[in-house]
Amino acid sequence: MAVVTLTGASVLIATTDLSDHIKEVTIDDARDENDDTVLSMTAKSMTGGLPSPTVTIKIRQDYAASKTNEIIRAAVNVATAIIVRPVGGTARSAANPEWHFTGKVLSYQPLAGAAGQFQEPSVVFQPTGTPLTYLTTST
């Protein structure tokens, strides 16, 4: 099994490629946790419920037009399309899958950083009622 080093990834937010300003990206394809334990069991049992995906990005802040601050501010409490691919500029495939998500930002820190350091706020896109889509076939 090949080990993947994340280099050259592609992150589009609201159709704008912000890959050159994103330091980290994490996709969490979570499910709500439901307790389905019954009296006849000798230990707790859990099952997955509704999808509850999130996409978290760590950005290098930029206040210029059409850059991180403007794009993220526009996503606050607004359903926003996000597309992530491990290798940008390369066709979608089983070896280079693509994730589509519609999320909204509920908390944004437009100014986050220490003296003399890059401003690198983390932004979490929360679910808006549609599941995360995983695609492996070319477009």
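**Close-up views of a predicted model**

Figure 1. Ile 82 has its place in strand S7. The model shown here and in the following figures is predicted. With a relative accessibility of 2%, Ile 82 falls under the 20% limit and therefore counts as buried. Neighbours within four places in sequence are left aside in the contact list of Ile 82, which comprises Leu 12, Val 55, Trp 99, His 100, Phe 101 and Phe 125. Ser 138 lies 56 residues from Ile 82 along the chain, and the C-alpha atoms of Ile 82 and Ser 138 are separated by 18 Å.

**Figure 2. The largest nonpolar core.** This core has 18 residues. The members that touch the most other members are Ile 13, Ile 22, Ile 57, Ile 72, Val 105, Val 123 and Phe 125. Two or more residues are contributed by each of strand S1 (10–13), S6, H1, S7, S8 and S9. S6 provides the largest share of the core, namely three residues. Phe 125, one of the core members named above, is also among the residues in contact with Ile 82.

**Figure 3. Strand S8 and its pairing partners.** Strand S8 spans residues 98–105 and is joined by five bridges to strand S7, residues 80–85, in an antiparallel arrangement. Within this pairing, Thr 80 has Gly 103 of S8 as its bridge partner. Strand S9 (residues 122–127) also runs antiparallel to S8, and three bridges join S8 and S9. Here Gly 103 stands opposite Pro 127 of S9.

**Figure 4. The aromatic pair Trp 99 and Tyr 134.** The count of aromatic pairs comes to one. Because Trp 99 belongs to strand S8 and Tyr 134 to strand S10, the pair ties together parts that are 35 residues apart in sequence. Tyr 134 counts as partly exposed, its relative accessibility being 48%. Trp 99 is among the residues in contact with Ile 82.

**Figure 5. Gln 61 in the loop between strand S6 and helix H1.** Gln 61 is located in the loop that lies between strand S6 (54–59) and helix H1 (68–74). Its relative accessibility is 14%, so Gln 61 counts as buried. The side chain of Gln 61 reaches the backbone oxygen of Pro 110 at 2.8 Å. A polar atom of the Gln 61 side chain also lies 3.3 Å from the backbone nitrogen of Asn 69. With residues up to four places away in sequence not counted, Gln 61 touches Thr 68, Asn 69, Tyr 108, Pro 110, Gln 119 and Pro 121.

Figure 6. Glu 120 lies in the loop between S8 and S9. Its relative accessible area is 18%, and Glu 120 is therefore buried, the limit being under 20%. The side chains of Glu 120 and Arg 60 are joined by a polar contact of 2.5 Å. Arg 60 also lies over the face of Phe 118, at 3.9 Å from the ring centre. The residues touched by Glu 120, not counting those up to four places away in sequence, are Lys 23, Lys 58, Ile 59, Arg 60 and Ala 112.

**Figure 7. Overview for orientation.** The protein contains one helix and 10 strands. Along the sequence these elements follow the pattern β-β-β-β-β-β-α-β-β-β-β. Taken along the principal axes, the C-alpha atoms fill a box of roughly 60 × 35 × 30 Å. Of the 139 residues, 27% are buried; among them are Ile 82, Gln 61 and Glu 120. Among contacts with a separation of 6 or more, 63% are between residues 24 or more positions apart.

How values were computed: Residues numbered from 1 in each chain as written. Predicted model: local features only at pLDDT ≥ 70, side-chain atom pairs only at ≥ 80, totals over all residues. Heavy atoms only, no water. Pairing = 2+ DSSP bridges. Helix = DSSP H or I, 4+ residues; strand = E, 2+ residues; numbered from the N terminus. Buried < 20%, exposed > 50% of the residue type's maximum accessible area, 1.4 Å probe, protein only. Polar contact = N/O pair within 3.5 Å; in protein donor to acceptor, adjacent residues only side chain to side chain. Contact = heavy atoms within 4.5 Å. Phe/Tyr/Trp six-rings, centres within 6.5 Å; stacked < 30°, edge-to-face > 60°. Lys NZ or Arg CZ within 6 Å of the ring centre and 35° of its normal. Core = buried A, V, L, I, M, F, W, Y, C linked by side-chain atoms within 4.5 Å.
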